[in-house]
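Colleague: Could we go through this model together? I would like to begin with the overall fold and then turn to the aromatic rings.

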Amino acid sequence: MSNKVNLDTSEQLDITCRQGDTFSLTLTLKDSSGNALALSTDNYEFVMQVWGTGRGKNGSPLIASINRGLKGQDLNTQEIPGSAYFEEFVVDDSGNVTIKATATTMRSVPAGRHLYDLQFILPTTSGVDTHTTVLRGTFTINEDVTKMGRR
C-alpha cells in the first residue's frame, strides 16, 4: 500500500512576456482521454492571479482576472487596490480559453520574475463548485525599452 497521495494535478508552465506589449495566450484543455472540454456549455469559469515573489498575506496581486477577486472581495463592486486586470477570459467548446491583457495593463505591471496560477471553477448541481488549479509557474515580465504614451 502506498503511503502518500498527490492530488496536485496542475502542470508547470513558465510564461515570459514583455512589459508594455499586449498579452495574449490561448490554451486548449482536454480531459484524461484527450477530448476537448466543453468550456462554454459546461459554464467553466477561470481565475488567474500574478503575484510578486515578496507577497505578504495582505498584499494584492499584480494582475488578476476580473471575474473573481480575492477572498471577501467582489470585483463587481470593488477593485483590488494596486492590481491590474486581465480582460474577460474567452472560452469555447473546443477546450480553448484565451487570456488577454492590454498593452496599457501590461505597462502598469513591474518587470521582474513573478508567480502565477490558473484555476478553473466548474459549477455542480449540488451547489458546491469544483475548483482545480490547472497551471502554475513563473510569470516573467521583461522590461521594455520603448515607453509609450496614450494617443
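This is a predicted model: local features need pLDDT of at least 70, side-chain atom pairs count only at pLDDT 80 or more; totals for chains, interfaces and linings use all residues.

Colleague: How many helices and strands does the protein chain have?

Modeller: The protein chain has 1 helix and 10 strands; these are DSSP runs, of at least four residues (H or I) for helices and at least two (E) for strands, numbered from the N terminus.

Colleague: What is the strand order in the open sheet?

Modeller: The order is E3-E8-E7, with antiparallel pairing; two strands pair if DSSP finds at least two bridges between them. E3 and E8 are joined by 6 bridges, and Leu27 lies opposite Val97 in E8.

Colleague: Now the rings: how many aromatic pairs are there?

Modeller: There are 7 aromatic pairs, counted when ring centres of Phe, Tyr or Trp (its six-membered ring) lie within 6.5 Å; planes under 30 degrees apart are stacked, over 60 edge-to-face and the rest tilted.

Colleague: Why is the pair of Phe23 and Phe139 called tilted?

Modeller: Their planes stand at 45°, with the centres 5.5 Å apart, so the pair is tilted. Phe23 in strand E3 and Phe139 in strand E10 are 116 residues apart.

Colleague: Is Phe139 buried or exposed?

Modeller: Phe139 is buried, at 0% relative accessibility; buried means under 20% relative accessible area, exposed over 50%, and partly exposed in between (1.4 Å probe, protein chains only).

Terms used: Residues are numbered from 1 along each chain as its sequence is written. Side-chain values use heavy atoms; hydrogens and water are left out.
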